Amino acid sequence: MAVKLNEDKEVVAVIKEGLKRKNGHCPCRLEISEDTKCMCKEFREQIADPNFEGYCHCRLYYKSKD
């Protein structure tokens, strides 16, 4: 398993700017809570699933199975 940043540098820059504006919370979510603090609860749960491969909700991170 490996978690890495999206290879698209423009996407990464936009999401990181959004994270700054929302004090570290996912810019793609309306709710501000511990569950939306980056790395969000949804993606942490997806990382724990050995069968999951893909991007987090905002596409900042990618989890591969290998």
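Visitor: Which residue in β3 stands opposite glycine 54?

Guide: Start with the strands, which are DSSP E runs of at least two residues, while helices are H or I runs of at least four, all numbered from the N terminus. β2 covers 54–55, and two bridges join β2 to the antiparallel strand β3, residues 61–64. Across from glycine 54 you'll find lysine 63.

Visitor: What kind of model is this, and how are residues numbered?

Guide: It's a predicted model: local features need pLDDT of at least 70, side-chain atom pairs count only at pLDDT 80 or more, and totals for chains, interfaces and linings use all residues. Side-chain values use heavy atoms, leaving out hydrogens and water, and numbering along each chain, as its sequence is written, starts from 1.

Visitor: What is the strand order in the open sheet?

Guide: Strands pair here if DSSP finds at least two bridges between them. β1 (2–5) and β2 each pair on one side only, as edge strands. The three strands pair antiparallel, in the order β1-β3-β2.

Visitor: At what angle does helix α2 run to β3?

Guide: Helix α2 spans residues 41–48 and lies across β1, β2 and β3. Axes are lines fitted to C-alpha atoms, for helices over the stretch in contact (heavy atoms within 4.5 Å). Angles run from 0 to 180 degrees between N-to-C directions, and this one is about 15°.

Visitor: Which residue does glutamate 42 pair with in a salt bridge?

Guide: A salt bridge here puts a side-chain nitrogen of Lys or Arg within 4 Å of a carboxyl oxygen of Asp or Glu. For glutamate 42, the closest N and O atoms of the pair are 2.0 Å apart. The pair links distant parts of the chain, 13 residues apart: glutamate 42 sits in helix α2, and its partner in the loop between α1 and α2. That partner is arginine 29.

Visitor: Why does asparagine 23 count as exposed?

Guide: Asparagine 23 is in the loop between α1 and α2, with phi near 55°, a positive value in a residue other than glycine. Buried means under 20% relative accessible area, exposed over 50% and partly exposed in between, using a 1.4 Å probe and protein chains only. Asparagine 23 counts as exposed because its relative accessibility is 60%.

Visitor: Which residues does the cis peptide bond join?

Guide: Look in the loop between α1 (9–21) and α2, where methionine 39 is found. Omega is about 0° for the bond joining cysteine 38 and methionine 39.
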